[in-house]
Amino acid sequence: MNQPAASGLLTADARDNVRALRSSQIREVANAGLGVPDVLAFWFGESDRVTPQFIRDAAAAALGQGATFYSHNLGIAPLREALAGYVTRLHGPTTADQVAVTSSGVSALMLATQLVAGAGDQVVAVTPLWPNLVEIPKILGADVQTVGLRFGAQGWSLDMDQLLAALTPGTRLLLLNSPNNPTGWVMSRDDQRTVLDHCRRLGIWIIADEVYERLSYADDGAAAPSFLDIAERNERVICVNSFSKAWLMTGWRLGWIVAPDALMGDLGKLIEYNTSCAPVFVQQAGIAALTQGESFVQQLVGDLRASRDHLVQALSALPGVQAKAPPGAMYLFFSMPGAEHSLALCKALVREAGLGLAPGSAFGPEGEGFVRWCYACDTARLDAGVARLQRYLASR
Ligand SMILES: Cc1ncc(COP(=O)(O)O)c(C=O)c1O
């Protein structure tokens with residue numbers, strides 16, 4: 001045990017960087033609802049449906065066969081091969097040695113950031129944004145500057161001039177998430193090219209969080225534009241992905257990274273010191289998802305599109321609610337009376353109406369004025385939530 005310093009004071013504080021992290025405002029809202037019976041919660045980013053049976057069966061079979069040991073840091077070879085095949089189908093030639101398996105998308109983000117950014121580095125992130133992307137570089141001692149998306153008649157959009165102005169020769173890393181949580185914004189191919197060219201010129205790393213790439217509602221049914229479609233094999237681009245969203249595997253904690261060859265040895269070391277490897281039976285389940293899951297993913301996107309449209313229509317009928325169908329992800333990020341204080345509003349909604357939404361301010365200052373509703377559920381559940389919101393608004 002630490003001895004008290006000569007002054008007589010024993011301090012047991014975490015590092016300043018850690019103590020300065022923002023705690024989750026979604027959690028704060030959930031805590032405000034403790035003790036409220038029958039809360040209808042739409043605040044977390046996951047479906048209310050269980051992982052498909054064929055994926056659960058694959059994990060059970062792997063466990064039955066004794067898949068209980070450590071694996072290679074970068075993942076088991078058959079999963080890396082399956083990922084290379086999957087990424088090749090979506091985005092063009094990719095080999096297994098460019099792919100690393102991680103224990104979740106969020107771990108992939110941590111690893112990717114650890115690879116390229118550290119204390120004192122300048123990091124730029126486009127917000128509103130799922131808080132983890134902004135907080136991870138801060139854990140490592142980096143300085144994070146944000147560039148805000150704007151909300152207008154066409155929904156959320158990026159001011160490219162503003163972003164390029166923020167990316168200077170002193171910038172180390174750009175963090176982008178498209179399709180975006182919480183806004184559903186999808187970066188266009190043209191914008192990706194412009195940003196990539198600019199970052200190439202200035203030697204800036206890009207970490208692209210593409211965990212929602214399959215949840216894209218473009219008419220052609222294709223995945224959202226990815227930096228993998230346009231980046232050269234060995235440039236400063238790291239793409240992060242996850243099994244959580246497209247295959248409903250949030251609780252399994254399985255993700256992956258596609259990175260330049262030159263990084264893979266160092267990435268293996270980082271994985272060793274973070275998690276060592278993802279559980280092998282979970283990796284086996286990942287192979288089933290990739291090799292047997294295509295029709296499931298397409299069906300899921302169809303269901304999500306129907307839920308999205310249903311919710312937009314239902315909410316738009318409420319007084320003062322402004323909702324626009326997002327082109328990607330699984331959230332409606334909308335404005336409503338009282339949302340200018342979104343944290344207080346969401347606490348009141350959970351306490352007084354039994355409705356669980358996420359406050360826009362949880363996703364950065366540009367998110368204030370909005371609330372987030374995850375629509376990954378059936379329309380009956382959405383209707384029950386909308387009825388609660390309607391009652392709440394009528395009682396004001
Ligand atoms: C933008 C974004 N990136 C990454 C993740 C990480 O997902 P997971 O850690 O479940 O793979 C999430 C989860 O909500 C997310 O919204």
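Tutor: Two residues are in contact if their C-beta atoms, placed from the backbone, lie within 7 Å. By that criterion, and leaving aside neighbours within four places in sequence, I257 is in contact with A100, T102, A108, L111, A112, I238, V240 and L267. This is a predicted model, in which local features need pLDDT of at least 70 and side-chain atom pairs count only at pLDDT 80 or more, while totals for chains, interfaces and linings use all residues. Residues are numbered from 1 along each chain as its sequence is written.

Student: Why is V50 called exposed?

Tutor: A residue is buried if 20 or more other C-beta atoms lie within 10 Å of its own, exposed if 12 or fewer, and partly exposed in between. V50 has 10 such atoms within 10 Å, so V50 is exposed. V50 is found in the loop between strand 1 (40-41) and helix 3 (53-64), where strands (E, at least two residues) and helices (H or I, at least four) are DSSP runs numbered from the N terminus.

Student: What makes the protein chain as compact as a globular protein of that length?

Tutor: The chain has 13 helices and 14 strands. Its radius of gyration is 21 Å, close to the 21 Å that the globule rule gives for 396 residues, so the chain is as compact as a globular protein of that length. The radius is taken over C-alpha atoms, and the rule is 2.2 Å times the number of residues to the power 0.38.

Student: What share of the 396 residues is buried?

Tutor: Buried residues make up 48% of them.
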